[in-house]
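Work through the exercises below with the sequence and the model side by side. Try each task before reading its solution.

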Amino acid sequence: MMKVFLLSIMIIFAGFMAQAANNNPWMRTCRIDQGRFWTVKVPGDEQALCLFGDAGIGAETFFLFKTNSGVPEAIHAYKNRNSSSPRGGVCGAFDAELVEGKDTTGRSFNLCQFSDGSLIEETTLWLGAGSGSNEALDNALSKTY
């Protein structure tokens, strides 16, 4: 009897979790394009990412692009590879700030945050569109809804 009760509780909880995922547009958009929704802690905040293999982009950034709400600076820099600043480092070269984050497993992420708040993982930006490591992200960015 106790097993049936625990199983019932688990099924109900799983239903609530699935509903919560469906109500999060960033998570849903990421998953529709075969990405993994991921969160990282950054100093004083938490950021959501959408991971496509080794490539990472801010979940909000990805959502805005996919829903035709404009082209965030991070995506513009990624697609056009127009390094415009003499500042150091990958992020600095694209006129973005380096933000360091960690996920719950301790994995580190170096993120480039642009003045509009858009995010992209540093190595993803450095390798750019057309890189074999970024193929899944390129496919996801090839169309909007």
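**Exercise 1: a glutamate and its surroundings**

Glu 122 touches Val 90, Cys 91, Leu 98, Asn 110, Leu 111 and Cys 112, leaving aside residues up to four places away in sequence; a contact means heavy atoms within 4.5 Å. The model is predicted: local features need pLDDT of at least 70, side-chain atom pairs count only at pLDDT 80 or more, and totals for chains, interfaces and linings use all residues. Residues are numbered from 1 along each chain as its sequence is written, and side-chain values use heavy atoms, without hydrogens and water.

Solution. Step one: find the element. Helices (H or I, at least four residues) and strands (E, at least two) are DSSP runs, numbered from the N terminus. Step two: check accessibility. The cut-offs are under 20% relative accessible area for buried, over 50% for exposed, and partly exposed in between, with a 1.4 Å probe and protein chains only.

**Exercise 2: an arginine in a loop**

Task: locate Arg 81 and list what Arg 81 touches.

Solution. Step one: Arg 81 lies in the loop between α4 and α5. Step two: Arg 81 is partly exposed, since its relative accessible area is 37%. Step three: list the contacts, not counting residues up to four places away in sequence. Arg 81 touches His 76, Phe 94, Leu 125, Trp 126, Leu 127, Gly 128 and Ala 129. Step four: take one partner. Arg 81 and Leu 127 are 46 residues apart in sequence, yet 9.2 Å apart in space, C-alpha to C-alpha.

**Exercise 3: strand pairing**

Task: trace how β2 pairs with β1 and with β3.

Solution. Two strands pair if DSSP finds at least two bridges between them. Step one: β1 (residues 36–42) runs antiparallel to β2, joined by 7 bridges. Trp 38 has Leu 49 in β2 as its bridge partner. Step two: inspect the turn. The β1 and β2 hairpin has 2 residues between its strands, and Gly 44 there has a positive phi of about 75°. Step three: 4 bridges join β2 to β3 (residues 55–58), again antiparallel. Leu 51 pairs with Gly 56 in β3. Step four: the hairpin of β2 and β3 also has 2 residues between the strands, and Gly 53 takes a positive phi near 60°.

**Exercise 4: the nonpolar cores**

Task: which residues touch the most other members of the largest nonpolar core?

Solution. A nonpolar core is a set of buried Ala, Val, Leu, Ile, Met, Phe, Trp, Tyr and Cys residues joined through side-chain atoms within 4.5 Å. Step one: the largest has 27 residues, and Ile 57, Phe 114, Ile 120 and Leu 125 touch the most other members. Step two: α2 (25–32), β2, β3, α3, α4 (73–80), α5 (89–93) and α7 (135–140) each supply at least two residues. The largest share, 4 residues, comes from α4. Step three: follow Leu 125. Not counting residues up to four places away in sequence, Leu 125 touches Ala 77, Tyr 78, Arg 81, Val 90, Phe 94, Cys 112, Phe 114 and Ile 120. Step four: a second, separate core has 8 residues, including Val 40, Leu 51, Val 99 and Leu 111.
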